[in-house]
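User: Could you walk me through how to read pockets and ring pairs in a model like this?

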Amino acid sequence: IGRRLAEIVTGLKMNVLAHDPFIPEAPLDIRLTDLDTLLATSDFVVTLAPTTSDTAGMLDARRLGLMKRSAYLITASGITIASQDALVDVLRGNHIAGAAIDVFETHPIAPDSPFLALDNVVFTPHIGGATEETIARHSRMMANDIQRFLSGQKPLHLVNQNAWQHDD
């Protein structure tokens with residue numbers, strides 16, 4: 001995903017910095033750097049890392065404080081990569097220009113989330129993987145399970161398996 005994003009933005013004449021401890025050398029037109037340098041010099045920071053014990057809280061108050069006041073944070077991976085309290089604080093104080101958040105701690109976002117009160121945050125519905133093929137496949141799965149249910153058969157894709165009380 002990162003490589004594809006880099007291809008797109010280099011086509012827009014953007015300089016691309018990347019931080020990935022698992023990639024020894026960057027593809028053409030991408031400069032690998034340490035995370036603190038990336039945060040301090042970037043206009044847009046996009047998180048694409050998986051949520052792991054190593055990445056949780058990686059963007060803490062100190063690191064978010066390195067970002068330029070004119071910078072934007074785009075969280076396209078696990079939201080816990082950024083400390084939620086620290087991110088709310090930097091956004092409330094306009095220490096960064098704004099954020100786009102695609103992944104929340106709960107889906108949908110909790111109605112009492114402090115992010116909802118901020119005017120420098122954009123929310124997206126976390127459907128980036130919803131290609132035409134995915135939508136068609138999910139629609140077929142749902143239709144097939146509805147048909148199975150209506151004919152007395154156990155649906156194949158039950159979230160709560162205990163909900164099916166019929167003898168199989």
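User: What volume does the largest pocket have?

Analyst: A pocket is an open set of points on a 1 Å grid over the protein atoms alone, where a 1.4 Å probe fits, with protein on both sides within 12 Å along at least five of seven lines; lining residues have an atom within 4 Å of a point. Volume is the space filled by probe spheres set on the points, which are joined across faces, edges and corners. Here the largest pocket comes to about 1,500 Å³. This is a predicted model: local features need pLDDT of at least 70, side-chain atom pairs 80 or more, while totals for chains, interfaces and linings use all residues. Numbering runs from 1 along each chain, and side-chain values use heavy atoms, without hydrogens or water.

User: Which residues lie nearest its centre?

Analyst: Of 47 lining residues, Gly 2, Leu 5, Val 46, Thr 47 and Leu 48 do. Helices (H or I, at least four residues) and strands (E, at least two) are DSSP runs numbered from the N terminus. H1 gives the largest share of the lining, 6 residues.

User: How many aromatic pairs are there?

Analyst: Rings of Phe, Tyr and Trp (its six-membered ring) pair if their centres lie within 6.5 Å; planes under 30 degrees apart are stacked, over 60 edge-to-face, the rest tilted. The whole structure has 2. Phe 44 and Tyr 72 are stacked, because their centres are 5.6 Å apart and their planes at 15°. Phe 149 and Trp 164 are edge-to-face, at 6.3 Å and 70°.

User: Is Trp 164 buried or exposed?

Analyst: Buried means under 20% relative accessible area, exposed over 50%, partly exposed in between (1.4 Å probe, protein chains only). Trp 164, at 11%, is buried.
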